[in-house]
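Subject: Structure for your review

Hello,

I am passing on the structure we discussed. Please look it over when you have time; my notes are below it.

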Amino acid sequence: MIGQGKASDKTISRTWRIKPVFTPAGAAVLVTALVILIRSLSARNSYEIVISCAVLLLLFFTGIFGAWKSRKFESFETGWKPPFPMTANAREDSIVSGLDAPVPLFFRLHFIIRGRFFPSGTGSGCPVLAETSVPRGQTHARLLLDFPMSGVFHGEGFCMLRDIFGFYSFSCGITRRRTVKIRSAPCFRKSYSINAQSGAEDKRNKQTTSEERYYMREYTPGDRFRDINWKSSEKIDALITRISPDNQEKVSRIEVYFRNYGPASINTGKQRKKNRERSESIQALWLLDRAKARLSHFLRSVMEQNSSFVFSVRTAQGVREIEDQDDLDEFLEELSGIAFSPPKNEGAAPAVSQGDLYVFSTACDFGLYSFLVACNPRPVSLYMIQPAEKRIKGSNISVNTDMETLYIRDFIQKGCVPFPAYFKRKTVKPSGAHANRTEIMYAETRI
């Protein structure tokens, strides 16, 4: 995670890079100048000899000067700070700081970020490259690093010293490796209708510096008079009631199931190469991304309505308890990197006498129908992400008419190199599962 101590940031040595190196343009100029020089010497063309020698001398002195200056920047350290939280399609700039090194004349510092982006946490990543030039005299720069959907980016940031002619590119400074989690682009809808279950939960008060205040709280109508601490009340001119540290208070709990079951990514060796075509459907990944966005909007909206709600969120990876805003932010960071899990036989939700069960799923969840049947007769609110090919109608089904569309060309526009398989038409069959109350949102992918 990134920002405020949550970033995964590593510093590595730069000794493995070759210094200096020619750019493609510089290599082409060098070869052309040598060819012209050899031909002019054989033809005894003095004009071509002067021109080719001048070009070669410019290349030579520029390379020597650049290599000498780049060695002075070996310990040059920059700071790369992505926005936090980082959201897909937000077009927010990353800040590059510490660029206060004296750059020689006819040279410019460039900051480059490269790595691999794993859409929706899939096992195969897309190559990513982003670059910015640092204006002379500036101590910081901005670099646009954006992604078309949620996922995880593993990359490195480093500086290059380049001449204004475009002949050389010298590595300099220390490389920063960082792992960035990208949250889903938000979705918007009206407020949710919530039916939470209530019960006695162990809600212990947090210990404070005053032991006496830990066992006390302000008097409220209905408290027993024998529990009033008259001595403490007299000191602060307010009625204080004794409470037990083991006192149980009524809380409202909301049970949420995020069913991220579907075509799981294969992460090892030949199996990944053999199953890439099957496991990495961009349409399926986009459905999962939209399910994450809907779940994030649900959790934020309900918490804004009533901050006392406690969420119990179950995913294929486990159960998370969300009690406050910090827990929510931590879970949303974790959610951005959650990928599909292999389908498995799962029993019904724990039997509870009160409260709805809120289920978020996609058309890739082939075990959803069995799960909903097993939950009967408990009320279930289902939020479903379906492909756009087929519209499902029903008396208890509401449809979001706004179409969520992912364009494959957005990968290229944002500096990502998509797999060729992304451009192939891979359809996900719509699911006919529905619950007591079902809301469907449609999503599609286009070139």
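The model is predicted. The chain has 447 residues, and 47% of them count as buried. Its secondary structure consists of nine helices and 19 strands. Among contacts with a separation of 6 or more, 75% are between residues 24 or more positions apart. The accessible surface is about 23500 Å², with 54% of that area belonging to carbon and sulfur atoms.

The largest nonpolar core contains 76 residues, and Phe153, Phe298 and Phe311 have the most contacts inside it. Helix H6, residues 282-305, supplies the largest share of this core, at 12 residues. Another core lies apart from it and has 14 residues, including Leu368, Val380, Ala433 and Ile440.

The residue I looked at individually is Pro119, which lies in strand E5, residues 107-119. Is Pro119 buried or exposed? Its relative accessible area is 0%, and buried means under 20%, so Pro119 is buried. Leaving aside neighbours within four places in sequence, Pro119 is in contact with Ser124, Cys126, Met149, Ser150, Gly151, Leu285, Phe411 and Tyr422. The C-alpha atoms of Pro119 and Ala339 are separated by 8.7 Å, although the two residues are 220 residues apart along the chain.

Regards

Note on methods. Residues numbered from 1 in each chain as written. Predicted model: local features only at pLDDT ≥ 70, side-chain atom pairs only at ≥ 80, totals over all residues. Heavy atoms only, no water. Helix = DSSP H or I, 4+ residues; strand = E, 2+ residues; numbered from the N terminus. Buried < 20%, exposed > 50% of the residue type's maximum accessible area, 1.4 Å probe, protein only. Contact = heavy atoms within 4.5 Å. Areas by Shrake-Rupley, 256 points an atom, 1.4 Å probe, with all protein chains shown as cover. Core = buried A, V, L, I, M, F, W, Y, C linked by side-chain atoms within 4.5 Å.
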